[in-house]
Amino acid sequence: MSKFYITTAIDYPSASPHMGHAYEKVCADALARWHRLKGEDVFFLTGTDEHGQKIERCAQRAGQKPQEFVDEMSKKFRELCQKLDISNDDFIRTTEERHIKACREIFKRVYDKGDIYKGRYEGLYCVDCECFFSQRDLVGGKCPVHDKEVEHLEEESYFFRMSDYREKVLEHIEKNEDFIQPKRRRGEIANRIKEGVRDLCISRSSFRWGIPLPMDEGHVIFVWFDALINYVSSLSYPTGAKFRKFWPADVHLIGKDILWFHSVIWPSILLAADMELPRSIFVHGFINVGGEKLSKSKGLTVDPLKVANLYGVDALRYFLLREIPFGEDGNFSEEGLVRRTNNDLANDLGNLVNRTLVMVERFAQSTVPSGKQDEELKKLALATVEKVDEALRKLEIGQAIAVIWELVRYANRYIERTAPWSLAEDQGRKGELSKVLYNLLESLRFIAILSFPFIPNGAEKIWGQLGMEEDLCRQKLDKLKSWGGIKPGAKVGNPQPIFPRIGNK
Ligand SMILES: [Zn+2]
């Protein structure tokens, strides 16, 4: 059985989760669920990044100890995962003992190799980013991400000889087309590397909230060096069975603002520690609200929990996955979400399920009739499975959903075209009626399984109404290799609306 290891970035819990966090988790979840459907052994990781000066300051302001503060905040991110039906297999917190152990181990290995030395650091530091900027990176003298004043810092620090790995990392990026996706991001990073890579300051001594260095307890490990290691500490690096099985990661799913850390710093650390590099880094865009970038400092946050409570989890998941072009920036708006929900979920899919089940109830006493295969519908459904897989191999999640919806719309037109209600009035056409109903039910079986990674709630409800006995979450794609999985004679459930239309609020 092949394995698939996918991670999100771990979230920095200095404030409550926003729509950008929800988006990344939902994308990773859809991919993880798809790979489970394919029968792969999936490990899906998310978590929280809990050290650093910014957390220490946020805790101070809240009048709490840093540990109390992160305990509370990290819980909010776990609740978000539950609320959004995120199927993560683990949730790593960088304050956990298992992480601290792995982090110190890697630090020690790199140190023993001679790749860490002591020096002095002087530079411009953004506490929110937890990183240094050169003068030329600043915009109007301020942090380009946060639009905030940077601080001038000077302290004794340990450095990682990252410049020694510049050639190797560049070579890896250039040789492996799929390592950074989308492609244009790969070009951007390659160019930046060519401009030069400096050694990285990897310790701080002006605050305490971090992991102490193994050989110098007066310093804590730089928060990014600490955080990136979550991808292996969660697998019980270095000796864990999970580490042997799942490393290297197949997909690190991240936002575009942290690409340098993942495509240059992380590979350099891994090379220094004699570990394999991840197979690919997928970069998604930002979610804008009304055209403006989501930013905590500007107060433009949309609470994903509130949206999910108001409109339903599937409506939110569907909107984010269908509407935001993967790899690009996208726009979140309630109007857009309502439109998608009403058009695609309520009208297209909801009506298809409801009309089909009402007809089976009325014309076939809620029993799956036996009927001949409809060659066209069968051909389209089988091709849909291939096309969804093809789209998802390229991480084109919106395209994968669009392909499923072609099948949904085709099935709706099939109802219009065959007009089962007229067939029912003609005793001589009973065979035709049974054929239409059977093929509609079978296409719903395909649609329920195919849409499960994207809208797990709704897919479960469709599955339930079809009266299927096995659990939907145990289904695999090999159940969609042939037409005829739904058994004649089986009872279907009561038709109930699955995606109610959202009225004017
Ligand atoms: Zn910043």
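User: At roughly what angle do the axes of helix 15 and helix 17 cross, and within what distance do they come?

Analyst: In this predicted model, the axes of helix 15 and helix 17 (residues 430-451) cross at roughly 165 degrees and come within 10 Å.

User: Why is helix 15 called roughly antiparallel to helix 17?

Analyst: Angles over 145 degrees count as roughly antiparallel, and the axes of these two helices cross at roughly 165 degrees, which is why helix 15 is described as roughly antiparallel to helix 17. The crossing of helix 15 past helix 17 is left-handed.

User: Which residues of helix 15 and helix 17 meet?

Analyst: From helix 15, the residues include Ile 404, Leu 407, Val 408 and Ala 411, and those that they and others of helix 15 meet in helix 17 include Val 436, Leu 440, Ser 443 and Phe 446.

User: What makes helix 13 and helix 15 oblique to each other?

Analyst: Helix 13 (residues 334-364) and helix 15 (residues 397-418) pack at an angle of about 50 degrees, with 10 Å between their axes. Angles under 35 degrees count as roughly parallel and those from 65 to 115 as roughly perpendicular, and therefore helix 13 and helix 15, at about 50 degrees, are oblique to each other. Their crossing is left-handed, and among the residues of helix 13 that take part in the contact are Asp 344, Leu 352 and Arg 355, while Trp 405, Arg 409 and Asn 412 are among those in helix 15.

User: How do you know that strand 2 is mostly covered?

Analyst: A residue counts as buried when 20 or more other C-beta atoms lie within 10 Å of its own, and in strand 2 (residues 41-48) seven of the eight residues are buried, so that the strand is mostly covered.

User: What joins strand 2 to strand 1 and to strand 3, and in which sense do they run?

Analyst: Strand 1 (residues 3-8) is joined to strand 2 by five bridges, and the two run parallel; Lys 3 has Asp 41 as its bridge partner in strand 2, and Thr 7 stands opposite Leu 45. Strand 2 is joined to strand 3 (residues 90-93) by four bridges, again in parallel, with Arg 93 in strand 3 as the bridge partner of Thr 48. Strand 1, helix 1 (residues 19-37) and strand 2 together make a right-handed β-α-β unit.

User: Which strands are the edge strands of the open sheet of six strands?

Analyst: The order in this sheet is 3-2-1-12-13-7, with parallel pairing, and strand 3 and strand 7 are the edge strands, since each pairs on one side only.

User: Why is one side of strand 5 and of strand 8 left without a neighbour in the sheet?

Analyst: The open sheet of four strands has the order 5-4-6-8 and antiparallel pairing. Strand 5 (131-133) and strand 8 (200-201) stand at its edges, each with a single partner strand, so one side of each has no neighbour in the sheet. Two bridges pair strand 6 (residues 151-160) with strand 8 in the antiparallel sense, and Phe 159 stands opposite Cys 201 in strand 8.

User: Does Glu 177 count as buried or exposed, and why?

Analyst: Glu 177, in the loop between helix 5 (166-175) and strand 7 (180-181), has 11 C-beta neighbours inside 10 Å. Because 12 or fewer means exposed, Glu 177 counts as exposed. Its C-alpha atom is separated by 9.3 Å from that of Ser 280, although Glu 177 and Ser 280 are 103 residues apart along the chain.

Notes:
Residues are numbered from 1 along each chain as its sequence is written. This is a predicted model: local features need pLDDT of at least 70, side-chain atom pairs count only at pLDDT 80 or more; totals for chains, interfaces and linings use all residues. Two strands pair if DSSP finds at least two bridges between them. A crossover is right-handed if, with the strands pointing away from the viewer, the path from the first strand over the helix to the second runs clockwise. Axes are lines fitted to C-alpha atoms, for helices over the stretch in contact, and angles run from 0 to 180 degrees between N-to-C directions. A crossing is left-handed if the near helix is turned anticlockwise from the far one by less than a right angle, and right-handed if clockwise. Two residues are in contact if their C-beta atoms, placed from the backbone, lie within 7 Å.
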